[in-house]
Amino acid sequence: MHVGGMWLRKSARGCSCSWVPELRRAVSSEAAHDMQSKQQPRRVYVTRRIPQKGLQVLRDSGICDIKQWDSDEPVPRSELLKGVTGVHGLYCLLTEKIDKELLDVAGPNLKVISTMSVGFDHLTPEEIKKRGIRVGFTPDVLTDATAELTVALLLATSRRLMEAVAEAKNGGWGTWKPLWLCGFGLSHSTVGIVGLGRIGLAVAQRLKPFGVKKFLYTDFEPKPEIAAEIQAEYVPLDKLAEESDFVTVHCALTPETKAMCNKKLFSKMKKTAVFINTSRGAVVNQDDLYTALTTGQIAAAGLDVTVPEPLPTDHPLLSQKNCVILPHVASATIATRTAMAELTANNLLAGLKDQPMPKELIL
């Protein structure tokens with residue numbers, strides 16, 4: 001601005017042309033418009049009650065006019081559609097379906113969608129991409145918490161901890177019995193990992209000190225550098241199922257992985273095998289899993305994700321003692337949820353400012 005101002009003054013001294021005042025007025029008007037545009041708050045809709053530090057990031061930016069569905073329960077679809085009308089930024093969760101209808105209602109102002117999740121199967125990438133909307137997400141920050149929960153779920157399932165707690169509470173705990181509540185240990189076992197990404201690797205690293213003999217993995221392609229960290233062998237899914245004592249799933253939900261864990265897979269697993277899923281519920285055919293558990297095809301299963309969520313209390317899987325089901329709590333530590341909220345907010349702000357996002361999903 002300073003250089004441009006000097007050029008105008010110098011030109012005015014050297015010329016009495018009548019267009020100079022008009023040029024000055026035009027430049028001043030454009031500068032005022034730019035300043036007003038920069039200062040005008042950006043409308044942001046937050047679809048849930050989130051950790052306060054995430055909301056504070058948005059407030060402290062000074063550029064956001066925030067509307068929020070301030071509840072622990074998901075925003076009703078009708079309220080969501082009202083809330084997104086005309087917004088510049090959308091801060092959402094996995095529970096909100098971001099589809100053509102919503103994007104049409106939001107309108108052309110929408111520049112950025114920031115989801116407080118690492119998964120993005122609630123988004124409609126093709127619709128978002130053709131509108132030029134940027135997307136932020138939260139990988140990495142929940143890796144450790146999810147890996148810890150996976151190990152906890154695996155141990156609770158394989159060592160029958162939920163049954164043991166129930167017996168202690170309901171009077172079933174009698175004298176010590178040599179065969180009572182015996183489960184399966186990790187020592188000298190083979191663990192199969194379906195999807196050797198950040199979380200799959202982190203799970204393996206935590207399981208290794210338990211004395212696991214061998215790690216197998218399958219993925220859409222071999223990952224030799226990552227596999228070398230745990231001395232894992234790349235094998236087809238069928239071989240992994242046949243040889244593993246524990247099968248733990250950590251893949252994204254895609255058309256290729258939907259219902260991938262089905263009767264074909266379970267029929268190839270050992271009768272003593274334990275199946276664990278903390279990725280996405282839809283990668284498992286739950287009817288086939290129920291059959292596998294009730295007919296002795298596999299020994300037990302532990303799930304942190306289901307279809308639907310929440311799972312109805314009368315669902316057959318919940319009646320099985322050899323099936324441990326958690327209510328999607330893999331990332332549920334205070335530190336992790338706070339970090340997710342802050343990262344989601346920073347992704348959104350970067351999108352509003354046309355700056356690089358800390359974590360952008362490239363569609």
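Guide: Two packed helices are described by the angle between their axes and the distance between the axes. Here the axes are lines fitted to C-alpha atoms over the stretch in contact, and angles run from 0 to 180 degrees between N-to-C directions. One thing to keep in mind is that this is a predicted model.

Visitor: Okay. At what angle do H3 and H14 pack, and how far apart are their axes?
Guide: Helix H3 covers residues 52-61 and helix H14 covers residues 334-352; they pack at an angle of about 25°, and their axes are 7 Å apart.

Visitor: What does that make H3 relative to H14, roughly parallel or roughly antiparallel?
Guide: H3 is roughly parallel to H14, because angles under 35 degrees count as roughly parallel. As for handedness, the crossing of H3 and H14 is right-handed.

Visitor: Which residues in H3 and H14 meet?
Guide: From H3 you have Lys 53, Gly 54, Val 57, Leu 58 and Ser 61. On the H14 side they meet Thr 338, Ala 341, Glu 342, Ala 345, Asn 346, Leu 348 and Leu 349. The residues of that contact divide into six nonpolar, four polar and two charged.

Visitor: New topic: where is Arg 280 found?
Guide: Arg 280 sits in the loop between strand S10 (274-277) and helix H13 (286-294).

Visitor: And is Arg 280 buried or exposed?
Guide: Arg 280 is buried: its relative accessible area is 13%, and buried means under 20%.

Visitor: What does the side chain of Arg 280 make a polar contact with?
Guide: The side chain of Asp 121, at 3.0 Å. Leaving aside neighbours within four places in sequence, Arg 280 is in contact with Asp 121 again, plus Leu 94, Gly 119, Leu 253, Val 305 and His 328.

Visitor: Which side chain does the side chain of Ser 117 make a polar contact with?
Guide: That of Thr 115, at 2.8 Å. A polar atom of the Ser 117 side chain also lies 2.7 Å from the backbone oxygen of Gly 119. Leaving aside neighbours within four places in sequence, the contacts of Ser 117 are Leu 94, His 122, Phe 137, Thr 138 and Met 340.

Visitor: Now Val 84. Which helix does Val 84 lie in?
Guide: Helix H4, residues 77-84. Val 84 counts as buried, at 1% relative accessibility.

Visitor: What does Val 84 touch?
Guide: Not counting residues up to four places away in sequence, Val 84 touches Tyr 45, Leu 90, Leu 102, Val 105 and Ala 106. Val 84 and Val 46 are 38 residues apart in sequence, with 9.1 Å between their C-alpha atoms.

Visitor: Last one: how far apart are Ala 299 and Gly 183 in sequence and in space?
Guide: They are 116 residues apart in sequence and 9.2 Å apart in space, C-alpha to C-alpha. Ala 299 is in the loop between H13 and strand S11 (300-303). Leaving aside neighbours within four places in sequence, Ala 299 has contacts including Phe 184, Lys 271 and Asn 322.

Conventions
Residues are numbered from 1 along each chain as its sequence is written. This is a predicted model: local features need pLDDT of at least 70, side-chain atom pairs count only at pLDDT 80 or more; totals for chains, interfaces and linings use all residues. Side-chain values use heavy atoms; hydrogens and water are left out. Helices (H or I, at least four residues) and strands (E, at least two) are DSSP runs, numbered from the N terminus. Buried means under 20% relative accessible area, exposed over 50%, partly exposed in between (1.4 Å probe, protein chains only). A polar contact is a pair of N or O atoms within 3.5 Å; within protein, one must be able to donate a hydrogen and the other to accept it, and residues adjacent in sequence count only if both atoms are side-chain atoms. Contact means heavy atoms within 4.5 Å. Angles under 35 degrees count as roughly parallel, over 145 as roughly antiparallel, 65 to 115 as roughly perpendicular and the rest as oblique. A crossing is left-handed if the near helix is turned anticlockwise from the far one by less than a right angle, and right-handed if clockwise. Ala, Val, Leu, Ile, Met, Phe, Trp, Tyr, Cys and Pro count as nonpolar, Asp, Glu, Lys and Arg as charged, and the others, Gly among them, as polar.
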